[in-house]
Amino acid sequence: QIFETKFKINITESNINIVNYNKIIEINDSNIIIEYNNKLLKIYGNNLTIKKMIDDEILIQGDITSINL
């Protein structure tokens, strides 16, 4: 079996699926900051929630207004 280790982000209208991140730095209903490959992913919006979190994968849902890599 081949294990994928590359950081990936999939963005839809109201969801962000992130795979192979390092750690979650901050979580609240208006922003989520995630560390990956010694960089920060900053997600801003309203009513942000974590819908799924398993091992190195996370699914964020809400009214996403901006994403900064």
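This tour moves from the sheet to its hairpin, then to the core, an asparagine and an aromatic pair.

The model is predicted, so local features need pLDDT of at least 70 and side-chain atom pairs count only at pLDDT 80 or more, whereas totals for chains, interfaces and linings use all residues. Residues are numbered from 1 along each chain as its sequence is written, and side-chain values use heavy atoms, with hydrogens and water left out.

Begin by colouring the strands (DSSP runs of E, at least two residues, numbered from the N terminus).

Next select residues 23–27, strand β3, together with residues 31–36, strand β4, which pair in the antiparallel sense over 4 bridges. These two strands form a hairpin with 3 residues between them, and isoleucine 27 stands opposite isoleucine 32 in β4.

Now show the side chains of Ile18, Ile34, Leu41, Ile43 and Ile60, the residues with the most contacts inside the largest nonpolar core, which has 13 residues. Two or more residues of this core come from each of β2 (15–19), β4, β5 (39–54) and β6 (57–68). Such a core is a set of buried Ala, Val, Leu, Ile, Met, Phe, Trp, Tyr and Cys residues joined through side-chain atoms within 4.5 Å, and buried means under 20% relative accessible area with a 1.4 Å probe, protein chains only. Centre on isoleucine 43: not counting residues up to four places away in sequence, its contacts include Ile16, Ile18, Leu48, Ile60 and Ile64, a contact being heavy atoms within 4.5 Å.

Finally, select phenylalanine 7 and tyrosine 36, whose ring centres are 3.9 Å apart with planes at 15°, so the pair is stacked (rings of Phe, Tyr and Trp, the last by its six-membered ring, pair with centres within 6.5 Å, and planes under 30 degrees apart count as stacked). Phenylalanine 7 belongs to the segment before β1 (8–11) and tyrosine 36 to strand β4, 29 residues apart. Phenylalanine 7 is buried at a relative accessible area of 16%, and tyrosine 36 is buried at 8%.

Note on methods: Pairing = 2+ DSSP bridges. Buried < 20%, exposed > 50% of the residue type's maximum accessible area, 1.4 Å probe, protein only. Phe/Tyr/Trp six-rings, centres within 6.5 Å; stacked < 30°, edge-to-face > 60°.
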